[in-house]
Amino acid sequence: MSDDQVVPTENSPLKETIEDKLFLVKYKPDKDSHIEVDQEKFKADTLKAVLFICPAKVYELNEETGECMVAFENCLECGTCYVSCPEYVVWKYPRGGFGVQYRFG
Amino acid sequence: MSEEEKFDCIIVGAGPAGLSAAITLAKAGVEVAVLERGEYPGAKNVMGGILFTTILDKLLPDFWEKAPVERHITHRRFSLLSKDSEIALDFKTAGYNEPPYNHTWSVLRAKFDRWFAEQVEEAGAMIIPGMMVSELLMDGDRVVGVKTEPGGDELNCDVVISAEGVNSFLAEQAGLRKQHDPAHMAVAVKEVISLPQETIEDRFHLNDSEGCAYEIFGQAVQGTFGSGFVYTNKDSLSIGVGSTIHDMKRHKLNPNDVLEGFKKHPAIAPLVRGAESQEYAAHMIPEGGFHHLPKLTTNGLILTGDAAGLINASHYHEGSNLAMASGVMAAETVIAAKEKGDFSDASLSTYRQKLDDSFVLKDLKKFQNLSKFLNENPHLLRDYPDIISGMLKDYFTISEKPKAVIEKEVMAKFKKEIGIWNIGKDLYKIWRAMR
Ligand SMILES: Cc1cc2nc3c(=O)[nH]c(=O)nc-3n(C[C@H](O)[C@H](O)[C@H](O)COP(=O)(O)OP(=O)(O)OC[C@H]3O[C@@H](n4cnc5c(N)ncnc54)[C@H](O)[C@@H]3O)c2cc1C
Ligand code: SF4
């Protein structure tokens with residue numbers, strides 16, 4: 001690796017998107033979700049901050065139903081979602097031993 | 001529940017707070033078990049990466065000879081970013097090259113915590129990973145044990161030390177804290193990116209095992225209430241950003257977008273050029289400070305470290321040593337309580353006194369008004385970097401204008417954009433907030 005490589009490009013080993021970065025993270029997925037969303041309260045919320053604030057993009061809007069889909073297996077276990085949106089996010093830890101497994105931390 | 005399952009003390013969490021408490025108790029012959037939800041200690045733990053080690057050095061003298069630490073920090077840099085410029089305070093000294101290396105080391109927590117836990121086990125504590133405490137067992141208003149997942153087993157003890165970190169669900173169950181406030185909680189994202197050791201040493205002007213810590217404010221986090229960091233490890237960098245959840249929400253920001261903006265800033269891009277992403281991580285930081293501390297004890301329960309909100313969120317960014325100090329003090333409190341046979345709140349409340357008398361709460365108290373002040377004066381981190389770098393840019397721009405004219409123009413601009421009086425007021429307020 002030389003020192004004069006230029007700014008990161010799409011194929012750069014220096015990742016940019018959350019999707020690419022999540023590939024680098026090691027998980028031991030549990031079978032059941034540790035996250036629940038109260039869909040009615042979610043629908044009633046205008047800001048829907050979970051859709052943009054989650055560092056792992058775990059929450060996604062189902063355009064057809066207006067409901068919130070939860071990719072719980074990608075969760076990095078920070079807790080930001082329930083602090084940000086306590087009205088409709090119920091977040092617990094995955095069971096002991098499951099979930100994210102940082103290799104560096 | 002059989003009698004042999006009763007411990008003197010159960011510690012929830014094998015981070016710096018829990019492990020420091022455990023080793024202190026084990027050395028005193030107290031029967032202690034540490035329950036950790038990660039498959040191994042460190043599996044869930046994220047930190048920027050500067051471990052402050054005054055306490056660790058007392059617990060495990062000369063730890064650096066064996067511990068998986070990365071570099072000792074001899075170079076500290078604090079800077080403010082505007083959109084295209086950087087203003088920095090930069091300090092380095094070879095004076096930190098001797099033991100105990102100014103008690104400042106870059107570490108990667110997944111590696112370090114695992115090693116620390118092994119030392120604690122050797123000292124006689126039992127460490128049980130892969131075990132999450134789902135709730136406290138109560139007898140009236142007294143904590144008498146914990147319930148664990150998976151399995152739903154119940155373990156009894158005289159006293160629980162919560163070293164469960166920032167989420168602190170058990171502290172909430174015990175009624176010691178209220179719901180988390182997004183204004184006092186930061187979300188941080190971090191990447192570990194690898195570079196050859198030689199490149200790091202050349203790029204950051206480091207000899208051998210020396211390391212540096214850059215703390216970066218202003219446009220590093222798009223003018224929100226937070227900061228960015230770049231720390232050198234042996235053959236990788238830790239780079240990240242953090243801001244309050246309140247601000248992220250208000251500005252509709254995604255933490256990774258802020259991190260990418262930071263990595264692409266002209267002052268930062270050359271530092272990360274050619275590096276390879278190794279891991280991405282996210283974690284919260286409790287930044288409420290002295291004004292928002294929870295109650296720290298109740299009957300049969302003591303809170304330590306991040307679970308107790310013990311973070312010095314000023315420019316010092318210290319949490320690891322406060323966690324370790326509070327772990328040791330919690331253990332000392334338990335040892336004294338055991339001698340008396342009294343684990344009531346009244347007996348355990350000497351813990352708060354110990355913290356008050358030490359650097360832990362003295363430092364939190366010193367900076368108690370800083371975050372409130374910065375929150376109430378968002379222009380400081382949002383506007384000043386642009387104004388000041390604009391002035392410096394004009395000042396250093398080469399032209400055929402006589403220097404006297406340039407100086408006059410810069411001063412005139414300064415008076416117009418900030419005003420002597422306003423900057424005087426702001427500087428005075430900053431000084432007051434830091435006293
Ligand atoms: C991005 C970032 C950068 C930081 N940078 C620095 C820095 O440079 N220097 C510094 O000094 N500090 C820094 N900090 C702060 C520092 O990381 C914390 O203050 C410190 O880790 C607190 O230690 P702790 O033992 O209290 O909690 P933690 O280290 O969080 O440990 C808590 C432990 O408890 C376990 N646990 C939690 N709940 C349960 C449960 N119910 N059952 C079983 N186990 C449980 C967790 O898995 C974890 O192992 C940073 C923090 C972040 C997020
Ligand atoms: S805990 Fe963090 S990573 Fe997991 S869903 Fe919530 S915000 Fe996303």
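Mentor: Let's begin with the record: UniProt feature names are shortened here, their positions follow the numbering used here, and annotations may be inferred rather than shown by experiment. With that in mind, an unreviewed UniProt entry lists "domain: FixC-like C-terminal" for residues 371-435 of chain B. Please also keep in mind that this is a predicted model.

Trainee: Now the interface. How many residues of chain A are in contact with chain B?

Mentor: Contact here means heavy atoms within 4.5 Å. By that cut-off, 44 residues of chain A touch 63 residues of chain B. The two chains bury about 4700 Å² between them, and 57% of that is on carbon and sulfur atoms. On the chain A side, Y93(A), Y102(A) and F104(A) lose the most area to chain B, together 18% of what that side buries.

Trainee: How many salt bridges cross the interface of chain A and chain B?

Mentor: First, the general idea: side chains of opposite charge can pair when their charged atoms come close. In this model, seven salt bridges are found across the interface of chain A and chain B. For an example, look at K21(A) and E260(B), whose side chains meet at 2.7 Å, N to O.

Trainee: What is the count over all chains?

Mentor: It comes to 32 salt bridges over all chains. One of them pairs K6(B) with D158(B), the closest N and O atoms being 3.1 Å apart. K6(B) sits in the segment before strand 1 (7-12) of chain B and D158(B) in strand 10 (residues 154-162) of chain B, so this pair ties together parts that are 152 residues apart in sequence.

Trainee: Where does ligand 1 lie?

Mentor: Its place is between chains A and B. Ligand 1 is surrounded by 38 residues, of which the closest are E36(B), G48(B), I50(B), R109(B) and S320(B). To read such a site, look for polar atoms facing the ligand. From chain A, a polar side-chain atom of Y93(A) lies 3.2 Å from a nitrogen atom of ligand 1. From chain B, a polar backbone atom of G48(B) is 3.0 Å from a ligand nitrogen, and a polar backbone atom of I50(B) is 2.6 Å from a ligand nitrogen.

Trainee: Last topic: backbone geometry. Which residues does a cis peptide bond join, with omega about 0 degrees?

Mentor: The general idea is that most residues other than glycine have a negative phi, and most peptide bonds are trans. Here, P99(B) and P100(B) are joined by a cis bond, and P100(B) is in the loop between strand 5 (86-92) and strand 6 (104-107) of chain B. The bond from E149(B) to P150(B) is also cis, with omega near -5 degrees; P150(B) is in the loop between strand 9 (142-149) and strand 10 of chain B.

Trainee: What is the phi of E77(A)?

Mentor: It is positive, about 60 degrees, although E77(A) is not a glycine. You will find E77(A) in the loop between strand 4 (68-70) and helix 4 of chain A.

Key:
Residues are numbered from 1 along each chain as its sequence is written. Chains are lettered from A and ligands numbered from 1 in the order in which they are written. This is a predicted model: local features need pLDDT of at least 70, side-chain atom pairs count only at pLDDT 80 or more; totals for chains, interfaces and linings use all residues. Side-chain values use heavy atoms; hydrogens and water are left out. Buried area is the accessible area (1.4 Å probe) that two parts lose on being put together, summed over both. A salt bridge is a side-chain nitrogen of Lys or Arg within 4 Å of a carboxyl oxygen of Asp or Glu. A residue is near a molecule or strand if one of its heavy atoms lies within 4 Å of it. A polar contact is a pair of N or O atoms within 3.5 Å; within protein, one must be able to donate a hydrogen and the other to accept it, and residues adjacent in sequence count only if both atoms are side-chain atoms. Helices (H or I, at least four residues) and strands (E, at least two) are DSSP runs, numbered from the N terminus.
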